[in-house]
Amino acid sequence: NASSLVQKALVGMLGSPWFDTTKQYVYWTTVDAGYDGYEILRFDTTGSFDQAASWAVMDLNLVPGLERNPHGFGASDGTWSYVPLATCRVGSDCPPQFLRFNEREDFTNPQSWQIFDASSVPGMRTVYRGAYFDGRNVFFTPRGGVIEVDGSVWHSTVVVYD
């Protein structure tokens, strides 16, 4: 059954699911309980929910340069799915990063994934919660207002990708 395939990924499911624009695939961001494995889970809606073949898990540890886990929820523009990256890996620096997946490529191939390090963008903050697509732009939403909690700064800066 499908539960054995996705059990690890479901342990730390975060955020709301999002669809690709064809509504064939549903995606979820995940992080396991130890924060040492990062996955994105995908369900193919043309298959049966209880069949393992309808599910796929992408191990983001295989994507070169990934320094943060996927966080919250993503958005699709019809070619790419975009996901904000949030919590830093233990012992790593925290550049603001965004992840995208080419929906026309193999979901589980690390070469289908790209990371954008936004640390050189003026005014860029480090924690984003989700993404939305309005038909032209992708908007990355912040975690919250500008406050500091346990050394982490939360903010209200929206990022727009055109």
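Biologist: Is S48 buried, partly exposed or exposed?

Modeller: First, a caution: this is a predicted model. S48 sits in the loop between strand 3 (38-44) and strand 4 (55-59). Buried means under 20% relative accessible area and exposed means over 50%. S48 has 34% relative accessibility, so S48 counts as partly exposed.

Biologist: Which residues does S48 contact, leaving aside neighbours within four places in sequence?

Modeller: A contact here needs heavy atoms within 4.5 Å. With neighbours within four places in sequence left aside, the contacts of S48 are F43 and S54.

Biologist: What is the phi of K23?

Modeller: K23 lies in the loop between strand 1 (13-19) and strand 2 (25-31). Most residues other than glycine have a negative phi. K23 is not glycine, yet its phi is positive, near 70°.

Biologist: Is K23 buried or exposed?

Modeller: The cut-off for exposed is over 50%. K23 has 51% relative accessibility, so K23 counts as exposed.

Biologist: How many helices and strands does the protein chain have, and what share of its residues is buried?

Modeller: The secondary structure comes to one helix and 14 strands. The chain has 162 residues, and the share that counts as buried is 46%.

Biologist: What share of the accessible surface belongs to carbon and sulfur atoms?

Modeller: The accessible surface of the protein chain is about 8,300 Å². Of this, carbon and sulfur atoms hold 51%.

Biologist: Which side chains meet in a salt bridge?

Modeller: The search of the whole structure gives one salt bridge. Its N to O distance is 2.8 Å, and the side chains are those of R136 and D162.

Biologist: How many residues apart are R136 and D162?

Modeller: Both R136 and D162 are exposed. R136 is in the loop between strand 10 (128-133) and strand 11 (138-142), while D162 is in the segment after strand 14. The pair links distant parts of the chain, 26 residues apart.

Biologist: What is the relative accessible area of F139?

Modeller: F139 belongs to strand 11. Leaving aside neighbours within four places in sequence, its contacts include G130, Y132 and V159. F139 is still partly exposed, with a relative accessible area of 25%.

Biologist: What separates the C-alpha atoms of V158 and T141?

Modeller: V158 is in the loop between strand 13 (152-154) and strand 14. At 47% relative accessibility, V158 counts as partly exposed. Residues up to four places away in sequence not counted, V158 touches F139, F140 and P142. V158 and T141 are 17 residues apart along the chain, and their C-alpha atoms are separated by 5.3 Å.

Biologist: What is the volume of the largest pocket, and which residues are closest to its centre?

Modeller: The largest pocket has a volume of about 240 Å³. It is lined by 13 residues, and the closest to its centre are Y82, F98, F116, F140 and Y161.

Biologist: Which strands each supply at least two residues of the lining of the largest pocket?

Modeller: By class, the lining has eleven nonpolar, one polar and one charged residues. The strands that each supply at least two lining residues are strand 8 (97-102), strand 9 (113-117) and strand 14 (159-161).

Note on methods:
Residues numbered from 1 in each chain as written. Predicted model: local features only at pLDDT ≥ 70, side-chain atom pairs only at ≥ 80, totals over all residues. Heavy atoms only, no water. 1 Å grid on protein atoms, 1.4 Å probe; cavity = no way out; pocket = protein on both sides within 12 Å on 5 of 7 lines; lining within 4 Å. Points joined across faces, edges and corners; volume = space filled by probe spheres on them. Helix = DSSP H or I, 4+ residues; strand = E, 2+ residues; numbered from the N terminus. Nonpolar A, V, L, I, M, F, W, Y, C, P; charged D, E, K, R; others polar. Buried < 20%, exposed > 50% of the residue type's maximum accessible area, 1.4 Å probe, protein only. Areas by Shrake-Rupley, 256 points an atom, 1.4 Å probe, with all protein chains shown as cover. Salt bridge = Lys/Arg side-chain N within 4 Å of Asp/Glu carboxyl O.
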